[in-house]
Amino acid sequence: MVIEDTLFVLWLMLAGPLWAAVGLFVLPFVNHGRSEKDQLPTTSLKVGGVIGGFALGPVGVGLFYFEPTLIRRTTLTLGVVLTVFVSAQVLARVVEPDFPSVLWLLLAGPLWAALAGYFIPRHYRELEADDQDVLTTAALGGFAIGPLIFGLMWKTTPKVNRDWIITLGALGAWQIYALFAIQNPTNPCVALPFSATYLTQQTANGIVIGCIYSLMAVGLTLIYSVQGVVSFAHGQLYMVGGYFSFYFLLHAGNVLSNLTNTEVTVNPIWGIPVAAIIVFLMGAVFERIFLKPMHEGLIERVSEYAILITFGFGFFLEYTTLAIAGPFPQKTSRFIEIRRFTLDRAFIGDEFFFGPIHIIGDRAFAMVIGILLIFALLYFLQRTWTGRALRATSQDRQAAAVTGINPTNMNTLSFALGSMLAAMSGAALIPIFNWVPWVGAEMVGRSYVIVVLGGLGSVPGALAGGIIVGIVEALGAGCHPDPSRGAAYKEAFALVIFALVLLLKPTGLFGREPN
């Protein structure tokens, strides 16, 4: 074992998980001999012992033992930051990359996450304790601190909150990043001094494309929140929106060129409202003819009917478009002539910090369109009578009907609006991507991931979910050791997020708990 690995083991002996375990079991003894009124919360003592021991070893444990009043959120946050800094300095000097990875798998990692996620929630239910978010906390805790999570949660079964999830999730993410950096020291996401620039660039790309993803996902979640069905034609509505925009711009340009005897190119922004109007009417007609009987009780097996009829509608749209437009890729002109926006280099004093950051002009323009449309939808839902009627119908159809709202009309409006948003998303992206009749299949898969991540029926959740998926895809593809494979695996990174959300928090970030 080389000297760098010896330093790593030395740090583990002086601080790290060993002293975190000591702090976990020693700090609660502070309450011995105190009156019940003067006793400190056992959970706070345990958390303080874990963080103090992990950060400063016996010094941290002793400090909190003799001065337990120092266990405050600020102190604990500083302890986590110090832990990250010290461990980073040690891990950066490890020459043998397999050693810390194996050690981490023994002390924490996926195995402990599975064990904690299985046993701890069951223990809570056996003791009839509040088990809300316990599965998420236990799994993240097992992944980040291994068996220590049992010491924190098993005996006293504390009520967990968002602070637990954020802290443990951040610690687990840091560990993955550190191990990745050890295994791939030349990767552009970790190689200094330009990793800050590369990571910021990839994050910016992810935010831009994520906002565009969100526009389509918002339409899908709007339909689900009101009608309670998932539209399997959503990807094809997104696709035909792009084609309607393309053919409108093509014919409008030809007409204007003939009138003026000069070549005229119509800006793609005019194709967005055209696609919106056409697909809004298309969605309203389809809902009235095929989905209305479902809500009037004329269909026995509603769920199966909704799946089959929307899937058939999407199949019809895709192959009709293929027959009319052909399989050849199409693309419109650019929104703006600026090919990219550049954020200048950032400096701290005279030292280079990071930059420059480049954002493709058309993508930035499409992102702005997506954000404006989502906020316009939120304003419509929150501030107008019709929007409030849609929200009321989504929450309780019978109560909405009693107040004078026609649920049938709200069903039609929700499906038409959702279809319109998908079409506008397609019209906003056809200047950026090559358009073919099967382009909707890939995008709708992302939309399902986004609405599950954000929470079914939550418009703000769809926006947050889209940004998260965009960032995960951009960082996953950009940080993969093999860039060509990373681009091919882009969808797989989103599916990993999908699986984790279903496992840890099935209601999503902003979803309502089932009644």
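Helices (H or I, at least four residues) and strands (E, at least two) are DSSP runs, numbered from the N terminus. The structure is a predicted model, in which local features need pLDDT of at least 70 and side-chain atom pairs count only at pLDDT 80 or more, whereas totals for chains, interfaces and linings use all residues. Residues are numbered from 1 along each chain as its sequence is written, and side-chain values use heavy atoms, with hydrogens and water left out.

**Figure 1. Overview of the chain.** The chain holds 22 helices and 4 strands. Of its 515 residues, 46% are buried; buried denotes under 20% relative accessible area, exposed over 50%, and partly exposed the range in between, with a 1.4 Å probe and protein chains only. A contact requires heavy atoms within 4.5 Å. Among contacts between residues at least 6 apart in sequence, 73% join residues at least 24 apart.

Figure 2. Y65 is partly exposed, at a relative accessible area of 31%, while F66 is exposed, at 66%. Y118 and F119 also form an edge-to-face pair, because their planes are at 90 degrees, with the ring centres 4.9 Å apart. Y118 has a relative accessible area of 42% and is partly exposed; F119, with 40%, is partly exposed as well. Elsewhere, ring pairs link F286, F290, F313 and F415 into a cluster.

**Figure 3. Packing of helix 12 against helix 19.** Two packed helices are described by the angle between their axes and the distance between the axes. Axes are lines fitted to C-alpha atoms, for helices over the stretch in contact, and angles run from 0 to 180 degrees between N-to-C directions. Helix 12 (residues 234-260) and helix 19 (residues 439-454) have axes that come within 8 Å and cross at roughly 125 degrees. The two helices are therefore oblique to each other; angles under 35 degrees count as roughly parallel, over 145 as roughly antiparallel, 65 to 115 as roughly perpendicular, and the rest as oblique. The crossing of helix 12 with helix 19 is right-handed, a term for a near helix turned clockwise from the far one by less than a right angle, anticlockwise being left-handed. From helix 12, H234, G235, Y238 and M239 meet V439, G440, M443 and V444 of helix 19. This contact comprises 5 nonpolar, 3 polar and no charged residues, where Ala, Val, Leu, Ile, Met, Phe, Trp, Tyr, Cys and Pro count as nonpolar, Asp, Glu, Lys and Arg as charged, and the others, Gly among them, as polar.

**Figure 4. Packing of helix 19 against helix 20.** The axes of helix 19 and helix 20 (residues 459-479) lie 8 Å apart, at an angle of about 120 degrees. Helix 19 is therefore oblique to helix 20, which it passes in a right-handed crossing. On the helix 19 side, R446, V449, I450, L453 and G454 take part, and they meet G461, A462, G465, G466, I468, V469 and E473 in helix 20. By class, the contact of helix 19 with helix 20 contains 6 nonpolar, 4 polar and 2 charged residues.

Figure 5. I145 belongs to helix 8 (residues 134-145) and is buried, with a relative accessible area of 11%. Apart from neighbours within four places in sequence, I145 is in contact with L107, A108, L152, L168 and L171. Q330 sits in the loop between helix 14 (302-325) and strand 1 (340-343), and is buried at 19% relative accessibility. Excluding residues up to four places away in sequence, Q330 touches Y243, F246, A325, I430, F433, N434 and W435.

Figure 6. T157, although not a glycine, has a positive phi of about 40 degrees. This residue lies in the loop between helix 9 (148-153) and helix 10 (162-183) and is buried, at 17% relative accessible area. N261, likewise not a glycine, has a positive phi of about 60 degrees. N261 is placed in the loop between helix 12 and helix 13 (271-295), and is exposed at 70% relative accessibility.

Note on methods. Phe/Tyr/Trp six-rings, centres within 6.5 Å; stacked < 30°, edge-to-face > 60°.
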